[in-house]
Amino acid sequence: MVKERGQKVIASNRKARHDYTILDTYEAGVVLVGTEVKSLRMGRASLVDAFGQVDDGEIWLHALHIPEYVAGTWTNHEVRRKRKLLLHRQEIERLIGKTKESGLSLIPLQMYFKDGYVKVELALARGKKAYDKRQDLAKKDADREIRKAHGRALKGRY
């Protein structure tokens, strides 16, 4: 049997980078049942409402939506159950200490297959205020205008 190589993205949480300031990222494995993996291989998952939480010295991923496997039988999985994340003990201890600080959350950024295993990119993040989001958008617009002007200047069209 040929072993899978490389990385294939299943789902990504694009809005997370808009709503949160990312402080640190971690790669974690996920404990799944068979029909969940089959559903993920079809590219079906949603990270929109998902979040990580520390419970009894373990990290759990809540509200991750993996739809039922179409060809599944009565053994199909529950759609929004909590799923255990697999991290090294030192990383778990670090995350427990950091999440006790006020305002820090664990947010999944993307879910992907890496060499045949399902992985989640988990971010330690702080929520942005509305004015932070406006400042980021204004900065992005200003940078875009600068790039346009620079490109026009290089082509001789001011």
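## A walk from the sheet to the cores

Start by selecting E2 and strand E5 (residues 83-86), which pair in the antiparallel sense over 2 bridges. Strands pair here if DSSP finds at least two bridges between them, and elements are DSSP runs numbered from the N terminus: helices (H or I, at least four residues) and strands (E, at least two). Zoom in on Gly 29, whose bridge partner in E5 is Leu 86.

Before going on, a word on what you have loaded: it is a predicted model, where local features need pLDDT of at least 70 and side-chain atom pairs count only at pLDDT 80 or more, while totals for chains, interfaces and linings use all residues. Residues are numbered from 1 along each chain as its sequence is written, and side-chain values use heavy atoms, with hydrogens and water left out.

E2 and E7 run antiparallel, joined by 9 bridges. On that pairing, find Thr 21, which stands opposite Arg 126 of E7.

Next, the core. Which residues have the most contacts inside the largest nonpolar core? Pick Leu 40, Ile 59 and Met 111; the core has 26 residues. (A nonpolar core is a set of buried Ala, Val, Leu, Ile, Met, Phe, Trp, Tyr and Cys residues joined through side-chain atoms within 4.5 Å; buried means under 20% relative accessible area, exposed over 50%, partly exposed in between, with a 1.4 Å probe and protein chains only.) Elements giving two or more residues to this core include strand E1 (7-12), strand E4 (58-62) and helix H3 (89-99). A second, separate core of 5 residues includes Ala 16, Ile 107, Ala 123 and Ala 125.

Show the surroundings of Leu 40, skipping neighbours within four places in sequence: its contacts (heavy atoms within 4.5 Å) include Ile 10, Ala 45, Met 111 and Val 118.

Then jump to Leu 106 in strand E6. Leu 106 counts as buried because its relative accessibility is 2%. Again leaving aside neighbours within four places in sequence, Leu 106 touches Phe 51, Ile 59, Leu 95 and Leu 122, among others.

Last stop, backbone angles. Most residues other than glycine have a negative phi. Ala 63, in the loop between E4 and E5, has a positive phi of about 65°. Select Asp 115 in the loop between E6 and E7: its phi is positive as well, near 55°. Asp 115 counts as partly exposed, because its relative accessibility is 27%.
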